[in-house]
Amino acid sequence: MNLFISVLWENPQFFFYSLFCVIFSVCLHEYAHARTAYAFGDTTAADAGYLTLNPLRVMGWTAIFAFLILGIAWGAVPVNTQVLKQRSKYAP
């Protein structure tokens with residue numbers, strides 16, 4: 001089985017570049033989910049502290065560890081779809 005962590009010894013520059021890019025991208029993606037939900041009236045993510053780019057908050061230790069070892073990454077932001085409001089595309 002070819003583990004992602006083995007790239008660290010084969011090509012450390014690629015490993016750390018990938019680490020930075022993927023973790024930043026996941027955090028930015030999940031921040032966009034939280035910000036969009038907030039813009040449509042759902043404060044669940046904001047109240048829980050997910051309006052951040054902090055990978056420990058957005059991804060958690062399990063996802064970061066899985067990415068370091070296996071190369072699989074994910075993030076999660078709570079959203080309550082029951083409180084989302086329709087907004088006009090022209091609303092500020």
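Q: Please take helix H2 (12–39): which of its residues are buried, and what do they pack against?

A: A word on the source comes before the details. This is a predicted model, in which local features need pLDDT of at least 70 and side-chain atom pairs count only at pLDDT 80 or more, whereas totals for chains, interfaces and linings use all residues. Residues are numbered from 1 along each chain as its sequence is written, and side-chain values use heavy atoms, with hydrogens and water left out.

Helices here are DSSP runs (H or I, at least four residues), as strands are (E, at least two), and they are numbered from the N terminus. H2 has 28 residues, and the distance from its first C-alpha to its last is 40 Å, close to the 40 Å expected at 1.5 Å a residue; the expected span is 1.5 Å times one less than the number of residues.

The buried residues of H2 are Phe15, Ser18, Leu19, Ile23, Val26, Cys27, Glu30, Ala34 and Ala37, where buried means under 20% relative accessible area, exposed means over 50%, and partly exposed lies in between (1.4 Å probe, protein chains only). These buried residues pack against helix H1 (7–10), helix H3 (44–47), helix H4 (55–58) and H5.

Several of them also belong to the largest nonpolar core, which has 12 residues in all, including Phe15, Leu19, Ile23, Val26 and Cys27. A nonpolar core is a set of buried Ala, Val, Leu, Ile, Met, Phe, Trp, Tyr and Cys residues joined through side-chain atoms within 4.5 Å. H2 and helix H5 (60–70) each supply at least two residues of this core, and the largest share, five residues, comes from H2.

Cys27 counts as buried because its relative accessibility is 1%, and, leaving aside its neighbours within four places in sequence, Cys27 is in contact (heavy atoms within 4.5 Å) with Leu53, Asn54, Pro55, Val58 and Met59. The C-alpha atoms of Val26 and Val77, which are 51 residues apart along the chain, are separated by 11 Å.

Leu28, also in helix H2, gives a contrasting case, for it counts as partly exposed because its relative accessibility is 41%. Together with Phe20, Phe24 and Leu53, Leu28 makes a nonpolar surface patch of about 400 Å². The accessible areas come from the Shrake-Rupley method with a 1.4 Å probe, and for residues only the protein chains shown count as cover.

Lastly, H2 is followed by Gly41, whose phi is positive, near 100°, and which lies in the loop between H2 and H3. Gly41 counts as partly exposed because its relative accessibility is 30%, and, leaving aside its neighbours within four places in sequence, Gly41 is in contact with Val83 and Lys85.

Methods:
Patch = residues over 30% accessible without salt bridge, like charges linked within 9 Å, V, L, I, M, F, W, Y side chains within 5 Å. Salt bridge = Lys/Arg side-chain N within 4 Å of Asp/Glu carboxyl O.
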